[in-house]
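Have the model open as you read.

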Amino acid sequence: MSDGEQPTYVAFFGVMGATAAMVFSALGAAYGTAKSGTGIAAMSVMRPELIMKSIIPVVMAGIVAIYGLVVAVLIGSAIDPKEYTLFKSFVDLGAGLSVGLSGLAAGFAIGIVGDAGVRGTAQQPRLFVGMILILIFAEVLGLYGLIVALILTTKSAK
């Protein structure tokens, strides 16, 4: 391998970063949606008028997947066979894992809080504001991963 030439497997780590971003954040979003959805279904039997108000955790879980999609698209569009370096590939892997695993954690938190929150709100409506605040704190965990991933995707070897 001559000076400046990259190994043939250089894109592998970048592609795995894009995959990790999408897969893990989608897993978190799916869990958050499913767990919150079961709470909504159980709650709506007795209080069907609260269904639309209770959709908020499902929407917040879906946003987590968007974070992963944004980073996966950024990583995927930066992969160029002629100019992609091993350094950039490793950084992109780190970016994908950052947003993906943060999204997985946020999705789990949103699902658990959303399930308990909508069931509790059906019995005591004053719990709604508290549920929303806790959901925001859970969502911001995924946002932290997105911020780190965006910072990492802008890095290149000098």
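## The nonpolar patch

Helix α2 (residues 56–78) supplies the largest share of the nonpolar patch, five residues. Helices here are DSSP runs of H or I with at least four residues, numbered from the N terminus. The patch covers about 440 Å² and is built from Val59, Ile63, Ile66, Val70, Leu74 and Leu150. Patch members have over 30% relative accessible area and no salt bridge, and nonpolar side chains are joined within 5 Å. A salt bridge is a Lys or Arg side-chain nitrogen within 4 Å of an Asp or Glu carboxyl oxygen. Areas follow the Shrake-Rupley method with a 1.4 Å probe.

Val70 sits in helix α2 and is partly exposed at 38% relative accessibility (buried is under 20%, exposed over 50%, partly exposed in between).

## About the model

This is a predicted model, with local features needing pLDDT of at least 70 and side-chain atom pairs pLDDT 80 or more. Residues are numbered from 1 along each chain, and side-chain values use heavy atoms, without hydrogens and water.

## Aromatic pairs

The whole structure holds four aromatic pairs (ring centres within 6.5 Å; planes under 30 degrees apart are stacked, over 60 edge-to-face, the rest tilted). Tyr9 and Phe13 are edge-to-face, because their centres lie 6.3 Å apart with planes at 80 degrees. Tyr31 and Phe108 are stacked, with centres 4.2 Å apart and planes at 15 degrees.

Tyr9, Phe12, Phe13 and Phe90 form one aromatic cluster.

Terms used: Patches are made of residues with over 30% relative accessible area and no salt bridge: like charges are joined within 9 Å, nonpolar side chains (Val, Leu, Ile, Met, Phe, Trp, Tyr) within 5 Å. Helices (H or I, at least four residues) and strands (E, at least two) are DSSP runs, numbered from the N terminus. Buried means under 20% relative accessible area, exposed over 50%, partly exposed in between (1.4 Å probe, protein chains only). Rings of Phe, Tyr and Trp (its six-membered ring) pair if their centres lie within 6.5 Å; planes under 30 degrees apart count as stacked, over 60 as edge-to-face and the rest as tilted.
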